[in-house]
Structures are given as C-alpha cells and as structure tokens.
Amino acid sequence: MDLRVEPGHASWAEREAVDGVLGTVPAWADGGERTAGDGRMVEGGHAARERRHLLLPVLHALQDRVGWISPGGLGYACARLPVPPAEAFGVASFYALFATVPRPATVVHVCDDVACRCRGAEALCQELTLRVGPPLDEHEEGASPGPAATGWVRSPCLGRCEQGSAVLVQRAGDPGVSGRAASHAPAPLDQVLALLAGGAGSAPAGRAVVPQAAAAPRDPGLRLLRRVGLADPASLDSYRAHGGYQALRRALALGPRGVIRELHESRLLGRGGAAFPTAAKWEAVAQNPVQPHLVVCNADESEPGTFKDRVVMEADPFQVVEALTVMGYACGAPRGYLYVRGEYPEAEARVTAAVAAARSRGLLGNGILGSSFGFEIEVRRGAGAYIAGEETALFRSIEGGRAEPRNKPPFPAESGLFGRPTAINNVETLGCVLEVLTIGGAAFAAIGTEASTGTRLFCVSGCVERPGLYEFAFGVTLGEVIRSAGGVEGGRPLRAVLLGGVAGTFVGPEALDVPLTFEGVRAIGASLGSGVVLVLDDTVDGLDLVRRIARFFRDESCGQCVPCRVGTVRQEEALARLAAGRPLGSAADETGRLDDLAQAMRDASICGLGQTAALAVQSAARMGLFASPPPGPP
Amino acid sequence: MFGAGGGTSSYQEVEETDLILLWGSNARETHPIFFHHLLQGVRRGARLVVIDPRRTVSAQWADLWLGIDVGSDIALANAIAREIIDAGLANHTFIERATSGFDAFAASVEPCTLERGARDTGVPAAAIRQLAHAYARADRAQLCWTLGITEHHNATDNVLALINLALLTGHVGRYGSGLVPLRGQNNVQGGGDMGAIPNKLPGFQDLEHDRAARARFAARWGAEVPPRTGWHLSEMLDAMDRGDLTCAYVIGENPAQSEADQRRAIRLLSGLDHLVVQDIFLTRTAELADVVLPASATWAETEGTVTSSERRVQRVRRALDPPGQARDDIAILCDLARRLGHDLGEPSPEAVWDEVRALSPMHAGMSYARLEASGGLAWPCPDLDHPGTLFLHARLWEEDPARRGEPAPFSVVAFEPPVDLLTDDFPIRLTTGRRLDSFNTGVQTSGYTSPLRRRESLDLAPEDLRQLGLTEGERVRVVSRRGAVEAPVRADPILRPGLAFMTLHFPDQVATNVLTIDATDPKSGTAEFKATAIRVERLGEAATAPVPEAVAPAGGRT
Amino acid sequence: MTASFVAPPRRLVTGTIDGRPVTVPEGTTVLQACRQQGIDTPTLCYLETLTPVNACRVCVVEVEGSRALVPACSRAVEPGMAVQTDSERVRTSRRLVLELLGSSVDLSLCAPEVRRWLVRYRADTERFGPAQAPEAARDAARPGHHGPAETGGAETCAQPVKDDNEDYVRDYSRCILCYKCVEACGTDAQNTFAIAVAGRGFGARISTEFAVPLPDSACVYCGNCIQVCPTGALMFRSEHVMRGDGRWAPERQTVTTTICSYCGVGCNLELHVQDNSIVKVTSPLDHDVTRGNLCVKGRFGFQFVQNRRREG
C-alpha cells in the first residue's frame, strides 16, 4: 500500500515493542534501513497486507511498553505491518484498554458495574475521588495529570463479581521489570490506594470461587468444574491425571463425524446466549467445501455479572485447550483461535502457558496423539470491548479491526474469521463437549431436561451469603440456586434478580420457582443469557442500577448503527431525567419515549447489543424498580 | 498494435485478470482512476508486478517490484522471453497458429540469459525468473505501460519487446489478457484516431498505401489527398534546424517548454519565418508567435468527442461560454480555410463527426445518439448495431485460418542503453515524470491550489544526499551535458543511490527540460525524457569538470 | 460495451413484497426489488457504488420469520421470503432512526428526499428535548467512557467546522456516520485510507490518525468522499464559501457531463455551473469508467478555465 507514515518518530522502546511482535530487523520496504540489494526488488502486496491481523498484538505491545499509543509508535507499527495510520488509529481508539493520549504508566481500573455496585463500588469511587482526585477521564482536557505516575478510571464489569469490588491494574514498562496487568479482588480502599501509590498492596483473603468445590464434602455433581481445586492448573500431568485428554482420545477414535454424531445425541445447546445446537453448527463447518476451516473459542466473556469462563480458564486451562483441539478435529480445521478478554490477564497467562505445554508435549502441532491430525492454537487478547464478544465482532477484532459486528447472514459457518468457514463457541460450551465425549451423548442428554440437556454454570453474585460459580443440572429452580448460595445476605428480603446479565431481565421473587432451563425462563419472558444470577435485596437502589446498565450500553455500543449508537444515549438521558425528577413532559411521556426507543433498538439494531440494550431497563420499569427502595435498616 | 494504434483491452478486464504487469508506469499518480480499476483487480486476487526504477506509490502496492536501471527494459523483456522459452512455458499452440517470426526471435534472445539480464538491468536473476514464470503461467495477464516505456530513444523497440512477451504467452486477444498503453493526455488516442500522425488518415487508414481510402477522402473533400507521409514533432524540429520548415501552426501544444533540450526548441521556434499558435492560454510558445488565435477549452466550452486509453469514444460538451474573443477550434479552422480559398461552411461538431463516421470504418457505428445513450463506445464499431469492441485481436484465437487473418509478427529487438551515458563527470541518472496533482508543464494545473503541491525539487536517494553532504532543501546546481539548472534537493527513499527524479511541472521555476536530451526514437519521434546523465554541484563550489557551454540561467527562460 | 463479458446467468428467486409476488435474479437485494416495484424505500448509508454497511437502519423491512427487522439494502431476496415494507414495526423503526439522527446531527443540507421521509414517518426530531452541545471536544472522546448524562435535553454531535485545506471543508456536526466517505477513501474506490471511523459508541467519528489536519494526513484530495456524502458534512470549499456569502443558488445551476481534460483515462465529469462559472465537479455514479470517482485534477483542477475568464 502507498501509505503516508512517519516511522522515524518512534522511540527506541516503541520500536523494540513492535519488533518484539513482528520479528527483529525490518526490511527497507517495511520502514527499516536500506541494504545494498534493497533498491532493486521488493516482495510485498498481498503477502504484506495479510499481516494486518497482527495489529492488535502490536498495539498491545506498545500500550504495555509505553503506556499509550503515540503517533510515532503507531506510525512505526503501520509502516511495518503495513496498515494505514488512520485505520490503525480507528482501531486503537475503539478499545478501552488502549490510550491514544499520554497517560500515567500505572492505571487502576475500578469496577463500578452492577455486581460490584451491590458491594459498595460507588462508595469506593467516591472515596477515591476525595482522596486522590477524580478519575483520569474526568480531568478537564489539557489539565490531565501529565507527569503523575498513576491514575484511576471507572471500569465496566471486570468479571470478578464473586469477590466484589474488583480492580484491574495496567502497568506499562519494560517487560520483566513490571508486570503488564493484574487483577485484584476483593480490592478495598486501602489496597486500591496502595496500588495507586505504586505498591502491590496486600490482597485480603478472597472467598471461595467455586463454593461447591470448596465445600466438604465436595459436591459430586460437578462436571465442568470437576477438576477445579483438584488439578494443578499449571501442570499438564496433573490435568491428565484427572482425566484430561481422554475426550480427545475418544474423539480421535470416533472420527470427526462420530464426534458430531455424539453431539447430536447429546442435544447440546450453546451456552453463549443464543442456545444454538452445537452439533448443527459444527456440522455446517465440517461439511463446507471451502478450505481451510477455522475454529474459535470465544473467551471474551464481558457480560456484567459473568465470570464463569474466567474461572474455568484460571482453574482448568487445559480443558479449554483440549476442547478447542477436539473442535478443530471435528470441524476439519487446522487452526484455532482463543480470544481471551483483555481484562483477564491471569486467565490469558494460564491458557497461553497451557497451549505452550500442550505444544511441547505433542498435543498440538502435527500428528497429535499418534494420529494424522495436526492442529495449532493462537491465543489472542482483547483490549476492552464488550462488543468483541459478539461473534462477528470478535472475528473483526482477530483480523486486526474495530470490533464492529455485521449483519447475518452470512453466518460464520459460511463466512467467518478471515472469510473462512468458522465454528465458534464459548468456553462453557466447549467444556460441555468434553463432557459429551467423556460420558457419551446419550448419557449427557439424560442430564437436565428434555429440551435443556447437561449442566449449566451459574454466576451468583450480589446480595447473597456465598457468591460464586455454581454448576447445576438444568432444571434447578432459581430459588434453589439462591438457597445453595446461602440465601439473601443477612436474611434480608429479596427484591429482584437480574437474570442472564445486563442483556437479560430483572425478575421478581415470584420467579423463584421457575426452573432454570432454556424453556423455563423463556416462558416468563426472560433468558438464561450467560448464567448471571445477580441477587438484589430490598436496599438496592433500582434506578441507580438501571442507570448503570444504561451507561454500560452507551459506553459499549460500537457506534455503527443509529438505533444503538444514539438510542442508548437517549435511553440514558431519559433515565437521568427521571432520576433527577425533571422529566421531559410527564413521567408517562418519558416511559413512552423509553418504550419507543426499546422497540427501535430491539427491532432495528445490527446485533444483540442494541437488540437487548433496553431489556433490563424495560423489565425494571415493569417491576417498578425505578421507585426508591423501601426504607429499612441499613 | 498489429496495425491499429490502440490498447487491446478495456478497464473492466484489469479488474478480472489474474496478473497485472505495470511496466514503466506510475499509474497511481498519473492515471489514478485506471489505478482504481487495477486495485479492484488486486482486491479480487490478481497479483501485481511493477517494473520501475523508482519504488513508486504504484510499486508499493505490488506483490513484486523490480527496480531496473533506467532504459534497460528491452534487456529485461528479452531475458523474460528467454526464460519463458527455456523453461518450456511458451504457448506454442498460439505461437504456431497466430504469430510469425518466432524462430528468429527465439534465436535472438537465446543469449539473453537470466544472468545477463541481471547484469543489464541491475535486478536479481531470481526476480526476473519469478516474473517470467508468473507471466507465462497466469491464465489471464494484462501488461500495462506508460511513458517509462515510450519516452526513450528506442521507444518503439521497447513496445515491440513487450508485444513479444504477449505473443510468446498468448496474453493477447482474450478477455482479461492484453496490452494496455495508458495515454498521457485526454485525447492522445483521439488524435491518432483522427489521423494526427504523419502516415495515417482518420481511422488508421494508411496514407501512402491505401489508395481506396485516399480516394474516399478525396471524393468527400473535393480535393486530392497527397500520398506523402508527413513529419512527426521531432522531425519538424530537425526540419526547422535544416531550414526546410519555416512556418508552423501550433494547436494546443507548448513545445517551447515541453520539448526535451528546451534551449534548442526555443531557438528553433524563434527562428521560424511565421509561427501561429492556437491555444486557450498565452503559453510560452504563444509568446513567440506572430499570430495567436485564442481558442475555447475543448473539454468545457465546445462540443465534440475524445478517445480514451480503452479506445472508448466519449462526448465532450459545452458547459461554459468561452471568454472574450476565444472561438471554437472548428470555427477557427473553417474560417482559416475560407480565407485560404476553400469554403467548408460552418459545420456543427456533430456534422464534422458524421463525416468522420462516413470515412473511417472503425467509427462508422458511433452516432452522437449512440454515444449519448451508451456512455461511449470503443472502436472498432463498424455499424449502428455493433456494441463496440471490448478487446482487440480475438481473431488470433480463431480456429479457421481465414478468420484468423494475418499472423502477428514477433520482432527482433536488441537492448541499447540510454544515449546519455553515465560517466564520472555525469554519474547520476536523472529520470522525469509526473506527480499526482500536476500535469505536464503546469499550464492547466497551476490554475488551482493543491494542498499536495510541492514546488520543483531534485529528488535524490537519502544516501546520495548524505554522500554529497547536502541537507534537505538546499539549492544545488544540476548539470547535464546540455545545460544546468538550480533546484532545491529533497531526499526521497523511493529512489536508490545513483537515481534522481524531477518533474516538468514548474518550468518557470526550474526548466528541467534544459537538462533532458533530445535523442529521439526515429519511429515515434518521442524524446528520451526518461534518461539524462547529470551531476549535482553545491552552489558556490568551483566546477570540478568542464561546464557545458551556454548554460541557461537557472530558473529562467531564454 | 458495458455488458459484462463473464457474468454467469443467474437463477431467479420468487418472494413477496407487501403481499405481491416478486421474481428477481438470485442475489438481488430487497432494496433493489423494492425499487423495481416502485416502493420508495428510504436509505442514507446506501449507495450503488459502495459495499452496503447497513449502518443507518432506515431501510429496515420486516421479514416473516425473522426476529429482528432486516436491512433491505444488504439482504438478498430468498425463495419464499415474505417482506413487509410498511408494517407498524417498520414505520416505528424508520421513524425512530430519523428522530434519533435528527436529534443528534444537523440534517438541514440533506437531499430533499430526507425531508420527505421525515414528513412521511412523522418524525419529531425535537422529542428528545432541546439540542445540547457535547461538553468535551468530540475528537477527544475516549472509548468506554463518557461524562454525566445530559438531563437538559439531547446531546448532539455539534462541533466546529474543520477548515484545514484549500479544496474542501468538513462539518462533522452534519455527519450521520454513514461510512460512505470511509468506504470511498478505502477499498471501495480510492484505497488511500486517509480517514477511518475512530472511537466508538456515540463518540464514534470520522477521523484522520490522531485527528491531524488533512494536509498532514494521507489525503490526496480526490474528493470522492465529498461526492458520496449525503448530508453536506463534506463540501467543496467553493460551495462552502458561496453558501456563507448567500451566493449559492442551485436553481440557477446547470450540470453538464463532459470528459476530464487531463490524462487519457477518459473520466466523466459533471460540471456544475452557476453564472458561467464552474462551482463544483461531480462524476456520474452510473458510468463504468469512474463510478463517481475522480482524482484531484479532475475534481478540483478546473480553475484554469475560470482564471482565464477573469483575465479576460
């Protein structure tokens, strides 16, 4: 491409960061020095442009190294890839974990989203503002902190809801000297202040992440979580000692069609929210004559209140590697991508290490387990965008673009990642696949109900005694789940449950007897979504929570389509007016306005984000959650 | 090509081909909208090979760029041909059926090994081999070129060398395979179509040998057409030099600034007995004229047609009233004819065009009404039902020898380096070209403000700048064997050491053509603008070598 | 001449639009089918020469069996597909899209048909309250964060006009983010990539890298972005100045198609002439040489005829 770039303005550290991803000495044509033969011949064109998919890894390298994406650093990256600078800037400015203006080297992202909000996150943010000043993005333009070494920002859900009040620390600097990012939860004020002062802080003891595994005796019903707390997540041997890689062996014995047959028998439905039959999805890819096929594990779990995939990756990372390998085998794909949420540095490190261990032991690469099957996995890191969890947006993100979803059809099985036939599932669904192969499709289908087979992970958070990740066979009622978690904290009355995440709906105490199956929740107009069970007691300020949800959707909208881009703004404004007691016209006018917005967003948005952006708000309004909580003892 | 002077292919074919060779063309800047079509082809998967001494913005899109020595095109073409034959990749079925002279050609390129090609062009042998194989193996391939091929002393041979490659591989006469010379000006093709070449009548009918055609014109015009080949521009200048040409009528050209060896051109034009210039501007040439006839701008102030690089005839229309005393070219010419004693009447542009259609069979089907309705038609278009011709020479693929017609001849061409040799005194190769936002001598483009515009500079490789101890922006004296100019230097990494670049866009600032050589191609009359030997002197520094006599004042005009 | 030499024959598919059976070649979009039926379908981000991005959503239609509405501009007609173009759901979504756009950007220079659609769908662009300019500069918007929600009315995209070069001006207060300029600057035509969409959500905007002025960007001033802009956000400087002076008079303008005076590609120009002076140059979308595109010389290099006029 004929780019106009200024590769010369990059600092030494920036060059090193970019070269670290793309390989050392760049050629003359890619922004390097010219050697004798260079003026005579250059190969590039299609081959060079195909490096575009490395844009996000390069931007991460710059961000991690110098704390922001500078014009010089971006220019050097653009010359080397090659990518037009305007496009690269468009990508860099899309993701919340990248900064395109100078920023302190250490930034603490403080979660103030729905789950942490139930555990005092807003008070924490207020206190931080008093103690160390407002968040970075609320500084006046130009008056931003400049030389300060640290700063903080508010963050959407960090996926550590079971611990309550979570933070993520981004640290820029030389590799090896500073870690690049780390999560902390619970992170009370003292610890956040310590982190902001540049220290590590002393992490208070956390709760059990999987109470059923921590309990004595251990719950025998755990399937997807069966190794949690037993197997060493850093050890492949430990994984195999606890049954690991038996499913892949079984798959190789069954053959690709046999795997898909088992999946058909299991009636496994995807756990990502759309509840699509996994067998049908894989079969469509496996049978597509266009080659090569690709498989993707969606580990960009970002739905507020959701943390199940994180727990699986942190506690049992080889499970994900094995399952993705099975998926590649069944779908006839030589390569798989594992896209991990940028806010999950620990999970990413775990799966990256697991991939490396599997490769070194011949469980990736050519001739896996003595078969003729070869498979490679690339781990990709998100950069702070809820929308990247939408499958077509995720593809664009891996391809090096803005995570903008597109209309379907065409579906991924026809045209997915890099335009190839692609199968994509999330971590939990892949875990179920291993279970299907381990116990057989028929046995799997016998668990749960007729229409909802197998087990389901529930992310229980909010006002309960024992928040955490729970696994139950489908059919368990909402009330049973909450009771398993010790019931509402302090025995207070239940006011509502946010079921399925912020893209889900609020349900009231009358729903406690509803069986948590796909069909059961559909009957009450709700959905299981990502398995979120966020419990709200009678002290929770419903309107505040709904406004946080509205803010979330406005912040996370990709901005492509009008209903979502502007609709989420107007929705938030209407709620702000209601909260301020200054409705435009009557309160009923505002409700009418919200209803219209909800209909247009649901009907006319490109993707699920816009289509669900008003669900929680609408259900809250129906339930009367906008009203102030009844007065009661604190 | 093989008789009719036009590119073989349409733009749409470059979008649907498999391999695009862009040879001696920086189409990204000089033919931007053609490059759009080319990039559509690239986006659909076509490979792009660019052959250019500079790694131009066009070359930056290429899958393979070959940075050859200026003027070594024949050496490269012959080495490619030799490799194709040697590797057994020649399309012998096509060669046997549709061409002539293959054996002599094959024998002539036999010594042109990859190694020799590498020596003569400066490009690695492996790259030549890669290109040869890619071109021969492609199912469809378009070979496109511009002035990098034709502004040489051996321009015609350069073109013949490229045609040889198409014949060798059968990349001609099929949809998506062809030869595409991109025309530098909006109606160069139309000028040729209309017989504005020394040996042709309109429609490429031969002036000397086509008696029947002459008779048709004579009957229509009521005057004999002398069967005598005329002069092309360089021959005219030579004739002026000899004193054989004493009077000139220049329409819409600015030879005082656009000709190579500008000092000579000005001297010759000034020495004419009588010079008439018909133009829309008072150009430098017009300033030398005895009579200036103000004309209207053909593209915006008159009705008529022009022909594009895909042989497509399209209508130009009057959008503005011409200013002042400016008149339509047709009106001026008819008026002149009347004063000279021949009344042509006051024909409308359409009437003139209908006369062309009556006399030029390839244009016969192109009525104004059809041109309006279709957005243009590509010749040949022999009758009103003919849809126009997307690509030429399909006949070469006919099974029936009768329909196949005359075979297309291979040509034996030998590599000769540029006339202006590099020596220790003149060690740097200066080549010239256009930039995106300017055009030729700037007569038109100086009229608008472009944020892209840089004034003239001598562009050098950054290494050369360092070696010469120059800083960017410093003014230097640029000396060739014919003259010297002053210009600021600029580092441009698209140039390799030893290669320099200037444009012709700002002749009032830097008269680049004071430097260029007027060595011309005997067949086409094009001068070797692309290859000048220069040296660069720091200002104030004593000349270290003999200075050519009568050096023109820098930046001025004589 | 323009007949494609290689296009394979296409199968026909039959569906219904508003109950009437429609048979079209496979691959025909719902929008194309609607237009063939004479059904006026609003579009903002659609243009024949560009890849549909279906971002504006004003063309949505209801397809039986589809949960959400579908964009007519990019969805192909499928066998048996039943399309409703004027159902209550369709009308509501179209109205809301127009209201949301009208409440956030200045639509006053849009094509007349936009005004017609606003009336037809009874769009009330004021219903979200009085327009409120954003607090911070839009070029500084950061992804995933925004200031306190407006309670006094509707936040807009209002911002100063970007006036940084001699050829054209950018008034992004009028930008509906249809992506057309990005596509024209990118792979659909020019492949220069001087501009892209930056930021996200309501902070999404058309931008150069780090919002540098155009002369510091890769822009080559082909003006192909101006040609495709549906809202007047991108405008010839000549038009901008004349509008400012009150001299812009489209009713006095003629448009004449001719051929560019520069290189030999044969690009079609549409000269917009007011008072015997060229005030703007466009290119026909339906001509296969240019498809609406030009280079800087064709688009802006016309001044020499006028200069000559002034010199007399």
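This is a predicted model: local features need pLDDT of at least 70, side-chain atom pairs count only at pLDDT 80 or more; totals for chains, interfaces and linings use all residues.
Good morning, colleagues. I begin with one pair of side chains: Arg312 of chain B and Asp288 of chain C meet in a salt bridge, with an N to O distance of 2.9 Å. Across the interface of chain B and chain C, the rule finds two salt bridges. Polar contacts between chain B and chain C amount to 25 residue pairs, with both partners at pLDDT 80 or more.

Which elements give two or more residues to the side of chain B that touches chain C? They are α1 (11-14), α2 (27-30), α3 (32-43) and β13 (312-316) of chain B. Of these, α3(B) gives the most, with eight residues. Sorted by class, that side of chain B has 30 nonpolar, 22 polar and 15 charged residues.

Let me turn to the extent of the interface. Chain B brings 67 residues to the contact, and chain C brings 60 residues. The area buried between the two chains is about 5000 Å², and carbon and sulfur atoms give 60% of that area. Which residues of chain B lose the most area to chain C? They are Ile33(B), Trp299(B) and Pro451(B), which together account for 14% of what that side buries.

My next topic is a helix pair between chain A and chain C. Two packed helices are described by the angle between their axes and the distance between the axes. Helix α22 of chain A, residues 562-580, packs against helix α2 of chain C, residues 88-104, at an angle of about 65°, and their axes are 9 Å apart. The crossing of α22(A) and α2(C) is left-handed. On the side of α22(A), the contact is made by Val562(A), Pro563(A), Arg565(A), Val566(A), Gly567(A) and Arg570(A). On the side of α2(C), it is made by Val97(C), Leu100(C), Leu101(C), Ser103(C) and Ser104(C). By class, this contact has six nonpolar, three polar and two charged residues.

Finally, I return to salt bridges, now over the whole structure. Side chains of opposite charge can pair when their charged atoms come close. How many salt bridges does a search of the whole structure find? Over all chains, the search finds 109 salt bridges. One pair within chain A is Arg492(A) with Asp538(A), whose side chains meet in a salt bridge at 2.9 Å, N to O. Arg492(A) lies in the loop between α19 (478-484) and β12 (494-499) of chain A, and Asp538(A) lies in the loop between β14 (532-537) and α21 (542-556) of chain A, so the pair ties together parts that are 46 residues apart in sequence.

Thank you for your attention.

Conventions. Residues are numbered from 1 along each chain as its sequence is written. Chains are lettered from A and ligands numbered from 1 in the order in which they are written. Side-chain values use heavy atoms; hydrogens and water are left out. Axes are lines fitted to C-alpha atoms, for helices over the stretch in contact, and angles run from 0 to 180 degrees between N-to-C directions. Helices (H or I, at least four residues) and strands (E, at least two) are DSSP runs, numbered from the N terminus. A crossing is left-handed if the near helix is turned anticlockwise from the far one by less than a right angle, and right-handed if clockwise. Contact means heavy atoms within 4.5 Å. Ala, Val, Leu, Ile, Met, Phe, Trp, Tyr, Cys and Pro count as nonpolar, Asp, Glu, Lys and Arg as charged, and the others, Gly among them, as polar. Buried area is the accessible area (1.4 Å probe) that two parts lose on being put together, summed over both. A salt bridge is a side-chain nitrogen of Lys or Arg within 4 Å of a carboxyl oxygen of Asp or Glu. A polar contact is a pair of N or O atoms within 3.5 Å; within protein, one must be able to donate a hydrogen and the other to accept it, and residues adjacent in sequence count only if both atoms are side-chain atoms.
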